[in-house]
Amino acid sequence: MLKLKHSIAAISVASGLLMVDLAFSLGPSRALVFPESATAPGSFPDQWIHGSKSAMDNEDPAVQVHRYNDHTYILRENKAINYEGAFMYVFFGNEKALLIDQGSTSSPALFPLRKTVDKIVSDWESEFKQSNTHLIVANSHLHGDHYAAWNQFVDRPNTTMVGLTHEEVMNYWGFSNYPNQRIEFDLGGREFVITGTPGHESSEIAFYDKWTDLLYTGDMFYRGRLYLQDWDAWSASIRRLQSLANDYPVSHFVNNHIEMTNTPTIDYPIGTTWQPNEPPMQMTRAMLDEAVNAASKIDQAGIYKFDDFLIYNEVPWAYTTDP
Amino acid sequence: MLNMTNLNLSIPTEGAAKLDLIIDLGQSGLVTPEFYWSSAQTTDGSEQELMLHEALSKIEEGLILKVNGRRQMLALTDLNLEAISLDAIINPLTPQMARISYELQSVKLSTEDIVELQLASSIDVPWPCLVRVDAFANLPASRLLTEETRSSGAILLGLPGQREESDFLLALTLQFQSASPALSWLAVGFQHVVPDGADHIAFILGLFFLSSRLTTLIGQVTLFTVAHSITLTAAIFGWVSAPSHLIEILIAASIIYVAVDNLYEEQSQRWRALAVLGFGLLHGLGFASALGSLELPQDTTLSALLFFNLGVEVGQLAVLVMAFACVGWFRQQPFYKRRIADPASVTIAGVGLYWFTKRLAIYLF
């Protein structure tokens with residue numbers, strides 16, 4: 001009798017635990033789907049917050065958070081805090097999030113990027129019934145204005161820091177033939193294609209999101225001064241981007257800065273903390289094609305002006321078109 | 001941002017470690033741009049050093065390299081001043097970088113050593129400062145120093161540079177290792193029981209609920225320890241091996257056995273020691289499988305293994321102390337077996353049965 005009682009109790013405990021397991025596995029799926037058959041729509045703000053005449057009196061948030069769509073966020077550092085006004089991106093997949101770039105200011109008091117990202121993740125988890133989202137802290141390239149707040153994440157639980165050396169970046173994404181290789185990256189069911197785009201900086205990578213069809217081109221192609229330290233590498237990279245855009249539909253080319261004004265060929269002064277009447281950050285296929293054409297024509301160092309970008313071919317960074 | 005600082009520590013397998021500080025000296029506040037320009041104009045290296053003596057002294061005072069918690073002396077070996085013009089030095093957008101090279105002559109570093117780089121508050125550099133450590137691992141390690149965070153924290157030279165996860169326990173382990181390298185393996189061993197070894201904890205609790213006699217418990221835990229140390233060592237050195245999924249199933253079975261055995265201790269007491277010995281051997285293989293995911297240092301495998309084992313024992317003791325704290329007070333009470341030990345053993349048997357069924361199902365299907 002005693003044996004039977006014990007046996008029943010032990011089996012009950014085991015059965016209970018197995019039932020819990022079964023209930024979790026049979027429960028309604030919370031998995032998000034990211035179909036690649038059609039472009040997931042998203043929107044940009046009419047105007048990004050763009051600094052102020054007096055940086056001291058600026059009352060805008062330190063980080064502008066824009067929800068491009070349910071699972072894609074674009075952040076911008078307040079230009080009054082740092083003139084770079086760098087854009088950063090948060091992409092969500094099932095149980096994973098990817099943060100690309102960490103801005104140009106280290107101080108959490110001035111630039112609370114970690115706090116902002118934590119809130120985005122937490123709100124997103126509540127809205128989409130997700131939990132335990134693993135954050136990948138990555139970079140488009142290894143310039144200090146894109147990883148200044150990297151330290152804010154080093155003690156974050158459930159986080160992978162890709163690293164700030166070329167070798168760590170290549171190892172994390174799995175490049176064995178950088179920059180020519182195309183890497184398929186799965187962010188929890190959301191598929192990306194990553195390829196090498198050196199030229200502005202020697203470890204730069206571009207991300208193509210198969211769900212939104214956004215092609216993120218970092219600092220190697222944006223509305224601004226394209227500072228190129230290695231012309232041959234950049235001209236190969238811009239062709240590589242064109243080839244990627246030939247093979248996949250691209251909704252928008254998104255990137256890291258706005259430095260051009262609304263007037264063709266004219267940029268804002270270097271170091272300005274106020275950029276009224278900014279053009280959009282996102283760029284078009286026609287602009288990319290123009291850059292590819294430029295790549296085949298330019299064969300000398302110097303500054304070359306185009307309607308939507310300026311090419312600074314192997315000239316010191318301080319050289320400007322400012323009057 | 002363009003003129004941010006770099007600190008590169010390079011540790012070759014042969015020869016002295018090298019530390020390079022790459023800094024926009026003319027923008028650092030340590031010298032004026034004009035003074036930097038005139039120093040750079042000087043072609044004689046020793047004269048340059050003499051001119052920059054004050055700045056170099058401040059850097060040497062504020063640039064701290066610690067190995068296993070102890071500050072090391074740095075010997076200046078080279079000074080290279082980039083400067084195309086005074087205007088370029090004055091303009092932070094055209095950084096003119098100085099490379100100041102040091103050697104770490106007196107210390108031979110190994111994979112078990114911990115280094116830490118700091119910039120003391122006595123010096124300011126153009127921030128941030130990217131730290132790169134090239135050592136024995138396949139990948140470099142990168143850290144960022146900022147005005148707010150002036151230390152790289154502990155960097156274990158034997159670990160791959162890439163940090164898979166910001167793990168509080170790993171950070172704690174590394175801090176331990178700053179004090180004594182061997183202590184980190186003690187912490188890793190402890191973590192393999194608490195909190196990572198739920199099945200191991202269940203087994204230890206199974207032993208705990210066997211008897212109200214402390215001597216019996218100590219005897220069985222010691223036997224278990226000796227047994228799992230034997231197989232763990234043998235597996236680490238490649239003398240024995242077993243498929244991990246099979247080991248996991250058998251470990252679950254061992255939990256059921258000890259728990260059920262507790263209910264009928266009078267009948268099976270004589271076989272108990274033998275069974276505990278056998279299960280100890282089994283659990284050792286389980287630890288070896290878990291330890292396989294970590295890289296034991298090649299040159300000090302034995303000491304790392306010893307401390308890992310010690311950590312496991314401390315973990316086991318922690319479980320037993322917790323169990324004593326919760327129900328040990330009642331061990332001499334007449335109701336202890338019927339009201340506490342037996343229900344606990346039944347629960348442990350049920351949990352073991354759950355693991356056994358689940359692991360078997362995963363293996364079969």
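At 47% relative accessibility, V226(B) counts as partly exposed, a label for residues between buried (under 20% relative accessible area) and exposed (over 50%), using a 1.4 Å probe and protein chains only. This is a predicted model, in which local features need pLDDT of at least 70 and side-chain atom pairs count only at pLDDT 80 or more, while totals for chains, interfaces and linings use all residues. Residues are numbered from 1 along each chain as its sequence is written, chains are lettered from A and ligands numbered from 1 in the order in which they are written, and side-chain values use heavy atoms, with hydrogens and water left out.

**A nonpolar patch on chain B**

V226(B) sits in helix 8 of chain B; helices here are DSSP runs of H or I with at least four residues, strands are E runs of at least two, and both are numbered from the N terminus. Together with I230(B), Y257(B), W271(B), L274(B), L277(B) and L281(B), V226(B) makes a nonpolar surface patch of about 650 Å². Two or more patch residues come from each of helix 8 (214-236) and helix 10 (265-291) of chain B. Helix 10 gives the most, with four residues. Patch members have over 30% relative accessible area and no salt bridge, and nonpolar side chains (Val, Leu, Ile, Met, Phe, Trp, Tyr) are joined within 5 Å. The areas come from the Shrake-Rupley method with a 1.4 Å probe.

**Where the chains meet**

Here are the totals for chain B and chain A.

| Item | Value |
|---|---|
| Residues of chain B in contact with chain A | 37 residues |
| Residues of chain A in contact with chain B | 43 residues |
| Area buried between chain B and chain A | about 3,200 Å² |
| Share of that area on carbon and sulfur atoms | 63% |

Contact means heavy atoms within 4.5 Å, and buried area is the accessible area (1.4 Å probe) that two parts lose on being put together, summed over both.

Across this interface the rule finds two salt bridges, each a side-chain nitrogen of Lys or Arg within 4 Å of a carboxyl oxygen of Asp or Glu. R132(B) forms a salt bridge with E167(A), with the closest N and O atoms 2.6 Å apart. On the side of chain B that touches chain A, strand 8 (129-134), strand 9 (141-145) and helix 12 (336-364) each supply at least two residues. Helix 12 of chain B brings the largest share, 10 residues.

**A look at D289(A)**

In chain A, D289(A) lies in helix 5 (residues 285-297). D289(A) is partly exposed, at 24% relative accessible area.

Notes. Patch = residues over 30% accessible without salt bridge, like charges linked within 9 Å, V, L, I, M, F, W, Y side chains within 5 Å.
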